[in-house]
Amino acid sequence: MSTLRVPQPIPPVSDDCEQLRKAFAGWGTNEGLIISILAHRNAHQRKLIRETYAQTYGEDLLKALDKELTSDFEAYHSLYKKSLEEDVAHHTTGDYRKLLLPLVSSYRYEGDEVNMTLAKTEAKLLHEKISKKAYNDDDLIRILATRSRAQINATLNHYKDEFGKDINKDLKADPKDEFLALLRATVKCLIRPERYFEKIVRLAINRRGTDEGALTRVVATRAEIDLKIIGDEYQRRNSVPLERAIVKDTTGDYEKMLLALLGQDDA
């Protein structure tokens, strides 16, 4: 479930751009006004705002934010990342790119229908490839990158029933192998994404000095998807609401932006 709260009716894009321009004007930047807009628009709406702002004022909105905001810029920047496919293609190579690029770009059926015959076949195929240490095999990556969550769960349940181990235990053949670690993280994220992202948030907050990069990435990228479920998992795991943990661990406009994305402001 999403935590993003978009106002109804949505203001015209031109109005949003005008308000952002006003927020940048004068001696002090109006961070509250910026948050009230950008933390309450979905990705498509923010894209339109950026395009219209550039057309109207001849300046990239992201650069304007960078210039006007002296700290905690990453929370804003995360809302205006390049497409995930572009980032992955640019920053990865070899087996990492081979796995990550289809994971972020392939169509994945989101329904609950499961083909048990396929699950058994692909469980056997996964075990065969892992037994041969063919971790970068095309079929292995295709299964992880394209099968629905329900289908993946059925396949991995059959894998455990048939071969006596969770697949991630078999993917620990070399604990120091970073590609195997990535495969294990992929499996965890596909099976129970709320647990995977809760752990990232928990570690980001509990360390000495907040890992703002990790915290921001989860909140900013999951707000439109399942941040409510991640927050519920965080409270179940830690007996503290996520928003309270963020208030305790962050300050200023950075805190306000995160809370807005969590749906915990008055907009």
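E198 counts as buried, at 2% relative accessibility, where buried stands for under 20% relative accessible area, exposed for over 50% and partly exposed for what lies in between, with a 1.4 Å probe and protein chains only. Its side chain meets that of R202 in a salt bridge, with 2.9 Å from N to O, and R202 is likewise buried, with a relative accessible area of 13%. A salt bridge here is a side-chain nitrogen of Lys or Arg within 4 Å of a carboxyl oxygen of Asp or Glu. R202 and E198 are separated by about one helical turn, because they stand 4 residues apart in helix 13, which covers residues 193-206.

This is a predicted model, in which local features need pLDDT of at least 70 and side-chain atom pairs count only at pLDDT 80 or more, while totals for chains, interfaces and linings use all residues. Residues are numbered from 1 along each chain as its sequence is written, and side-chain values use heavy atoms, with hydrogens and water left out.

**The overall fold**

The protein has 17 helices and 0 strands; helices (H or I, at least four residues) and strands (E, at least two) are DSSP runs, numbered from the N terminus. Its C-alpha trace spans about 65 × 40 × 35 Å along the principal axes, and 42% of its 267 residues count as buried.

**Charged side chains**

Side chains of opposite charge can pair when their charged atoms come close. The structure holds 20 salt bridges, and the table lists three of them with the accessibility of each partner.

| Salt bridge | N to O distance | Relative accessibility of the partners |
|---|---|---|
| R202 and E198 | 2.9 Å | R202 13%, E198 2% |
| D232 and K228 | 3.0 Å | D232 40%, K228 34% |
| D166 and K160 | 3.7 Å | D166 33%, K160 43% |

D232 and K228 are 4 residues apart in helix 15 (residues 227-238), so about one helical turn separates them; D232 counts as partly exposed, and K228 also counts as partly exposed.

K169, K172, K188, K199 and R237 form a positive surface patch. Patches are made of residues with over 30% relative accessible area and no salt bridge, like charges being joined within 9 Å and nonpolar side chains (Val, Leu, Ile, Met, Phe, Trp, Tyr) within 5 Å.

**Aromatic rings**

A search of the whole structure finds 5 aromatic pairs, a pair being two rings of Phe, Tyr or Trp (its six-membered ring) whose centres lie within 6.5 Å, with planes under 30 degrees apart counted as stacked, over 60 as edge-to-face and the rest as tilted. The rings of Y53 and Y57 have centres 4.9 Å apart and planes at 50°, so this pair is tilted. Both residues lie in helix 3 (residues 43-57), 4 residues apart, about one turn of the helix; Y53 is buried, with a relative accessible area of 0%, whereas Y57 is partly exposed, at 28%. Because the rings of Y196 and F197 have their planes at 75°, with centres 5.3 Å apart, that pair is edge-to-face. Y196 counts as partly exposed at 27% relative accessibility, and F197 counts as buried at 11%. F24, Y53 and Y57 form one aromatic cluster.

**Backbone details**

The peptide bond from Q8 to P9 is cis, with omega near -5°, and P9 lies in the segment before helix 1 (13-24). K133, a residue other than glycine, has a positive phi near 60°; K133 lies in the loop between helix 8 (116-131) and helix 9 (138-146) and is exposed, with a relative accessible area of 58%. S239 also has a positive phi, of about 60°, although it is not a glycine; S239 has its place in the loop between helix 15 and helix 16 and is exposed, at 63% relative accessible area.

K248 is found in helix 16 (residues 242-249) and is exposed, with a relative accessible area of 76%. The C-alpha atoms of K248 and I35 are separated by 20 Å, the two residues being 213 residues apart along the chain.

Definitions and conventions:
Accessible areas come from the Shrake-Rupley method with a 1.4 Å probe; for residues, only the protein chains shown count as cover. Lys and Arg count as positive and Asp and Glu as negative; His and the chain ends are not counted. The place of a charge is taken as NZ of Lys, CZ of Arg, CG of Asp or CD of Glu.
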